[in-house]
Amino acid sequence: MSICPKNKSSKGHRDARRANWKMDTMNLIKCPKCGELMLSHRVCKNCGTYNKKEILATD
Ligand SMILES: [Zn+2]
């Protein structure tokens, strides 16, 4: 990919490119602790656990 794009991408071309770019690294897994769906490599929002350790304080 060049630094200066030679041709302007049309809106359709741009949109088509962006259509499947959202969060391809995003991976939904089940939390090993509470079973809630969570993003892998993220702290579980439900129980605040990541890698079997409680990171976030849950009340
Ligand atoms: Zn959890």
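Predicted model: local features only at pLDDT ≥ 70, side-chain atom pairs only at ≥ 80, totals over all residues.

Residues are numbered from 1 along each chain as its sequence is written, and side-chain values use heavy atoms, with hydrogens and water left out.

**Exercise 1. Find the protein donors of the zinc ion and describe the geometry of the site.**

Step 1: Start with the rule. Donors are N, O and S atoms within 2.8 Å of the metal (3.2 Å for Na, K and Ca); water is not among the atoms, so sites may look incomplete.

Step 2: Pick out the atoms. The SG atoms of Cys-31, Cys-34, Cys-44 and Cys-47 are the protein donors, lying 2.2 to 2.3 Å from the zinc ion. Along the chain, the donors follow the spacing C-x2-C-x9-C-x2-C.

Step 3: Check the angles. Four donors count as tetrahedral if all angles lie between 85 and 135 degrees. Here the angles among the 4 donor atoms are 104 to 116 degrees, and the site is tetrahedral.

**Exercise 2. Decide whether Cys-31 and Cys-34 are buried or partly exposed, and place Cys-34 in the fold.**

Step 1: Recall the classes: buried means under 20% relative accessible area, exposed over 50%, and partly exposed in between (1.4 Å probe, protein chains only).

Step 2: Apply them. Cys-31 counts as buried because its relative accessibility is 5%, whereas Cys-34, at 31%, counts as partly exposed.

Step 3: Locate Cys-34. It is found in the loop between strand E1 (28-30) and strand E2 (37-39); strands are DSSP runs of at least two residues, numbered from the N terminus.

Step 4: List its contacts (heavy atoms within 4.5 Å). Leaving aside neighbours within four places in sequence, Cys-34 is in contact with Cys-44, Asn-46 and Cys-47. Cys-34 and Cys-44 are 10 residues apart in sequence, and their C-alpha atoms are 8.8 Å apart.

**Exercise 3. How many salt bridges are there, and which parts does the pair Glu-54 and Lys-33 tie together?**

Step 1: Use the rule that a salt bridge is a side-chain nitrogen of Lys or Arg within 4 Å of a carboxyl oxygen of Asp or Glu. The count comes to 2 salt bridges.

Step 2: Look at Arg-14, which forms a salt bridge with Asp-15, with the closest N and O atoms 2.9 Å apart.

Step 3: Turn to Glu-54, whose salt bridge with Lys-33 has its closest N and O atoms 3.4 Å apart. Glu-54 lies in strand E4 (residues 53-54) and Lys-33 in the loop between E1 and E2, so the pair ties together parts that are 21 residues apart in sequence.

Step 4: Glu-54 is partly exposed at 47%, and Lys-33 is exposed at 55%.

**Exercise 4. Is Thr-49 buried or exposed, and which residues have a positive phi without being glycine?**

Step 1: Find Thr-49 in strand E3. Its relative accessible area is 8%, so Thr-49 is buried. Beyond neighbours within four places in sequence, its contacts include Lys-33 and Glu-54.

Step 2: Check phi. His-41 has a phi near 65 degrees and sits in the loop between E2 and E3. Asn-51 has a phi of about 55 degrees and is found in the loop between E3 and E4.

Notes: Tetrahedral: all angles 85-135°; square planar, octahedral: opposite > 155°, others 65-115°. Helix = DSSP H or I, 4+ residues; strand = E, 2+ residues; numbered from the N terminus.
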